[in-house]
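Subject: Handover of a two-chain model

Dear colleague,

Please find the structure below.

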Amino acid sequence: MGRLTLDDLVEGVVAGDRRCLGRAITTVEEGDETSWSLLKRLSPHIGSALRVGITGPPGAGKSTLADALVRELRTRDLGVGVIAVDPSSPFTGGALLGDRVRMLRATEDPEVFVRSMASRGCLGGLARTTQEAADVLDAAGKDIVLFETVGVGQSELTVASACDLTIVVLVPEAGGMVQAMKAGVMEIADMFVVNKADRPGADEMEFQLVDASRYLISDGRRPPVLKTSALKDEGLAALADEVLQYREWLHQGDRLELRRKAQAKTRIRELVRSALEEKFWSQAGVDESLSVAAETFRQGEQSLLEVAQSFWLSVREQIAVSDIS
Amino acid sequence: MARRLKILLAKAGLDGHDRGVKVVARALRDAGMEVVYTGLHQTPEQIVNAALQEDVDAVCLSILSGAHMTLFPRVKELMDEAGIGDTLLSGGGIIPDDDMEELQTQGVGRLFGPGSSLKSIVEYFEEEIPRRRELR
């Protein structure tokens, strides 16, 4: 009972205490001063978990597949954490987080930590602080942290830069090759899963993906294509095996180090970008200048580029973004 | 900006009537809250586990089966044991007034019966939770 101090949180997280883990994730979701001190204190314990992203279009069965994969990983005696992201309403900011409904086996196992996160305006399939939440689960000693993304289309690909392994989940009726050939979602896959493989068209989809994967060879590795049916409980052991084989492959040479460094660069860049943007637009006078610029543009005598340039010239004198804290 | 209110809505036991809880979930979402819905047939242990993992501001049970005098006290007991006894436990369903009063003496918050307006539910959380957050 009573309030948890920062010391309590650090100690509790490392010990795997559920209440402290839950509170620590809430803390990092806020992204404030305390959250960064917490993560700094936890950093000696962060880095050993494999971060696996499960992404795909809405309705592909991501939550159900994540649930089944968790169970397979648990039979192999691995500690698992799950972060399930659902969208926030762009109008009210509210969110209905329903992934637990599809993760009944994972939520029944007290050793599996399942956390729902609202995307809070972030568009890449994850929330802004999903990585930090994964850091907390990593520090708690989880071997595998699964990110289950918001259903994505053809361009929301943040998950790939946040994960060590990206699994793209498709279904037999995903629209054949015309859809799948589209860039993006194909290129981020380290592994493909044709889920709902009990339905007609699964073999055809598998064949087309295998064919396409020839062009996706990277670092000598061709993304494998697996068929699963979470409904009929087929192909899930093979998926878990593939995940663990990938982990071994990643640990060879400097592969993991290179990936982690790229992830760190993305995170720093993203933090600087969002902080600068927020600071810039909240400076006094910027909003007024923007209105003036909009009026000028509406008069139709200047191009959008010209208007943007004079807007920038008019505000750059007034703004002083000296630090981004 | 103040942290968003995060609410757990759960269906406990064998009760399969989830239309009401889904209406409430939507109303809370539309009021800007983050709502975690557990789905049907949860045990008290699963509900408290979800409350811990999700670090919610309120745990709400929807019970239309008549088992409220068993389920509410059990969930309350488990919450106390888990160290989250200060977190609001509330809910609603087909619950007679006398039972509501009795449960409130046991530390359960306000319960909402048939005919409660969605507005009154939203307002209750908006008032009650900031007060309780001071304690957490």
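How much area do chain B and chain A bury between them? Chain B and chain A bury about 2700 Å², where buried area is the accessible area (1.4 Å probe) that two parts lose on being put together, summed over both. Of this area, 47% is on carbon and sulfur atoms.

Before the details, a note on conventions. This is a predicted model, in which local features need pLDDT of at least 70 and side-chain atom pairs count only at pLDDT 80 or more, while totals for chains, interfaces and linings use all residues. Residues are numbered from 1 along each chain as its sequence is written, chains are lettered from A and ligands numbered from 1 in the order in which they are written, and side-chain values use heavy atoms, with hydrogens and water left out.

The interface

Contact (heavy atoms within 4.5 Å) joins 31 residues of chain B to 29 residues of chain A. Between the two chains there are 19 residue pairs in polar contact, both residues being at pLDDT 80 or more. A polar contact is a pair of N or O atoms within 3.5 Å; within protein, one must be able to donate a hydrogen and the other to accept it, and residues adjacent in sequence count only if both atoms are side-chain atoms.

On chain B, the elements that give two or more residues to the side touching chain A are helix H1 (19–30), strand S2 (34–37), helix H2 (44–54) and helix H3 (68–82). Helices (H or I, at least four residues) and strands (E, at least two) are DSSP runs, numbered from the N terminus. H2(B) gives the most to this side, with six residues. By class, the side of chain B that touches chain A has 10 nonpolar, nine polar and 12 charged residues. Here Ala, Val, Leu, Ile, Met, Phe, Trp, Tyr, Cys and Pro count as nonpolar, Asp, Glu, Lys and Arg as charged, and the others, Gly among them, as polar.

The structure holds 39 salt bridges over all chains, and four salt bridges are counted between chain B and chain A. A salt bridge is a side-chain nitrogen of Lys or Arg within 4 Å of a carboxyl oxygen of Asp or Glu. In one salt bridge, the side chains of B:Glu34 and A:Arg120 meet at 2.8 Å, N to O. This pair crosses between chains, from strand S2 of chain B to the loop between S4 and helix H6 (130–139) of chain A.

The sheets

An open sheet of six strands has the order S3(A)-S2(B)-S1(B)-S3(B)-S4(B)-S5(B), with parallel pairing. S3 of chain A and strand S5 (111–112) of chain B stand at the edges, each with a single partner strand, so one side of each is left without a neighbour in the sheet. Strands pair if DSSP finds at least two bridges between them. Three bridges join strand S3 (residues 95–97) of chain A to S2(B), where A:Leu97 stands opposite B:Val36.

Seven strands of chain A form an open sheet in the order S4-S2-S5-S1-S6-S7-S8, with parallel pairing. Its twist averages 20° from one strand to the next; axes are lines fitted to C-alpha atoms, for helices over the stretch in contact, and angles run from 0 to 180 degrees between N-to-C directions.

Yours sincerely
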